[in-house]
4 protein chains.
Amino acid sequence: MNDIQERITASFAAQGLMATLGAHLVSVADGEVQIELPFSERLSQQHGYVHAGAITSVVDSACGYAALTKAPPECEVVTAEFKINFLRPAIGEQFLAIGKVQNSGKLLTVCTGEVRAISGTTHKVIAIMQATIVNVRS
Amino acid sequence: MNDIQERITASFAAQGLMATLGAHLVSVADGEVQIELPFSERLSQQHGYVHAGAITSVVDSACGYAALTKAPPECEVVTAEFKINFLRPAIGEQFLAIGKVQNSGKLLTVCTGEVRAISGTTHKVIAIMQATIVNVRS
Amino acid sequence: MNDIQERITASFAAQGLMATLGAHLVSVADGEVQIELPFSERLSQQHGYVHAGAITSVVDSACGYAALTKAPPECEVVTAEFKINFLRPAIGEQFLAIGKVQNSGKLLTVCTGEVRAISGTTHKVIAIMQATIVNVRS
Amino acid sequence: MNDIQERITASFAAQGLMATLGAHLVSVADGEVQIELPFSERLSQQHGYVHAGAITSVVDSACGYAALTKAPPECEVVTAEFKINFLRPAIGEQFLAIGKVQNSGKLLTVCTGEVRAISGTTHKVIAIMQATIVNVRS
């Protein structure tokens, strides 16, 4: 896992969007990656909550990197598609996106993701994702 | 349509994320909204292309505002869920997100969206979305 | 729960498609419903495995009835949309579809579903679903 | 196209589910396939309309065969996933499912589908699908 952790850390650091959003990589485990996004007005939709697009961006990255932990070493991953349901408004101090591999084949990896809004010690799941990721030879 | 154009222009301006991404509202028509996103390294994924999350954010907003053009005047809209397929890498000088209403009921509006990458005079569809938006009394 | 179990049993019996497919209701619990589908050549795709459409039909019903266990008593439920990933070919003697409520609001319920292929004592998850169900006054 | 039409006609005839539902293949064109499903009480949900699962089954097959018209000759196709929105109750004498290729790569084909309910001369779109199909060497 050390190689893949380093590889994901370097890849995450190369994602301009994650820096622009203020997201940071929290953990990389075999088949599971967590990314945190602190609240910022810079991420808001029109009511001041965090925009669905920002929430989606971090859980998409979490799913993609979770898939990468299961990919053959000579491969990179590309998101083919995902679907996300928003369960509650994105209100919180922090948002934790968790991507988990549900099945990994030679070619395709299917992940589920969730995003939790954190305020003090309260965690609420605000979004769930189902994503298909493709292994591509790099 | 003048009222709804003003309302959408004001709402778009209140979305911190759209300013953070550098997106701007291009057009508002009955059942169709267009948003443009110029390329920026600040939006990149690890290979320097635009991150799927940024592409998703603008077409989500385009679909949401397209739905708003069909909503009862006393309602706001909230994205319940969407699904997006990425057809090609997001390579281009500009990206044009188009959200269109396919069906609007009292409660739910279903939209399709697409994102075109523009380089010079070349347009290529790089992503397609299918979204469900809820009318909520404001 | 007795009322809702009776109501779901009666509703399931009124679904012509479930009889046509040979599916039967296995269990109804608060927020979770299970439906079983025995293998039949009448359900096949071109290679003799069970068609994705038959698998989808039973897990759609399982999610819908799971949502109904959380709906207000004066409401019925209608599937607004779902997304399903097929993880493996549908090969097995029996298929067990499980629908679970992830979140239920006044208007919308979000469920996840899975389908397991059963051969002897082996269970394999072959499909996962994410569904949005609407409460409608009956 | 003659080869692919014959191949799809033979494959459709081998799908037990299509016969069980009473569906028949209407047309095969390059990138577009149409399947018709006559109303039957055997396909109903609890209110007597056609079950979402039957509607989904035919448009899934239409999208899969549309993808097959674009696949390399040595490949078969497998549905990786799809998402479907139901716009109106499935009320009609006939249902016409249309699958169209939006983009086809070496490995993945993305299709959109729609289902129209037909009563006399009235056509209404009742469902729209977005699907990802994989080319697999046969």
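**Symmetry, sheet and helix packing**

User: In this predicted model, which residue of chain B comes closest to the rotation axis?

Analyst: The model is predicted. Judged by C-alpha position, the closest approach of chain B to the rotation axis is 4.1 Å. The residue that comes this close is Lys83(B).

User: As by what kind of axis are the two copies, chains B and C, related?

Analyst: Chain B can be laid on chain C by a turn of 180°, with a shift of 0.0 Å along the axis and an RMSD of 0.0 Å. The two copies are therefore related as by a two-fold rotation axis.

User: Which strands are the edge strands of the open sheet formed by chains C and D?

Analyst: The order of the twelve strands is E1(C)-E2(C)-E4(C)-E5(C)-E6(C)-E3(C)-E3(D)-E6(D)-E5(D)-E4(D)-E2(D)-E1(D), with antiparallel pairing. An edge strand here pairs on one side only. The edge strands are E1 (24-29) of chain C and E1 (24-29) of chain D.

User: At about what angle to E1(D) does helix H1 of chain D run?

Analyst: Helix H1 (residues 2-13) of chain D lies across E1, strand E2 (32-38) and E3 of chain D. In chain C, helix H1 (residues 2-13) lies across E1, E2 (32-38) and E3 (75-86), and runs at about 160° to E1(C). For H1 of chain D, the angle to E1(D) is about 160°.

User: Is H3(C) roughly parallel or roughly antiparallel to H3(D)?

Analyst: Helix H3 (residues 52-68) of chain C packs with helix H3 (residues 52-68) of chain D at an angle of about 155°, their axes being 8 Å apart. Angles over 145 degrees count as roughly antiparallel. H3(C) is therefore, relative to H3(D), roughly antiparallel.

User: How many charged residues does the contact of H3(C) with H3(D) have?

Analyst: The crossing of these two helices, H3(C) and H3(D), is right-handed. Ala52(C), Gly53(C), Ala54(C), Thr56(C), Ser57(C) and Asp60(C) meet Ala52(D), Gly53(D), Ala54(D), Thr56(D), Ser57(D) and Asp60(D). By class, the contact of H3(C) with H3(D) has four nonpolar and six polar residues, and the number of charged residues is two.

Technical notes: Residues are numbered from 1 along each chain as its sequence is written. Chains are lettered from A and ligands numbered from 1 in the order in which they are written. This is a predicted model: local features need pLDDT of at least 70, side-chain atom pairs count only at pLDDT 80 or more; totals for chains, interfaces and linings use all residues. Side-chain values use heavy atoms; hydrogens and water are left out. Axes are lines fitted to C-alpha atoms, for helices over the stretch in contact, and angles run from 0 to 180 degrees between N-to-C directions. Helices (H or I, at least four residues) and strands (E, at least two) are DSSP runs, numbered from the N terminus. Angles under 35 degrees count as roughly parallel, over 145 as roughly antiparallel, 65 to 115 as roughly perpendicular and the rest as oblique. A crossing is left-handed if the near helix is turned anticlockwise from the far one by less than a right angle, and right-handed if clockwise. Contact means heavy atoms within 4.5 Å. Ala, Val, Leu, Ile, Met, Phe, Trp, Tyr, Cys and Pro count as nonpolar, Asp, Glu, Lys and Arg as charged, and the others, Gly among them, as polar. Copies are superposed by least squares on the C-alpha atoms of residues with pLDDT of at least 70 in both. Two strands pair if DSSP finds at least two bridges between them.
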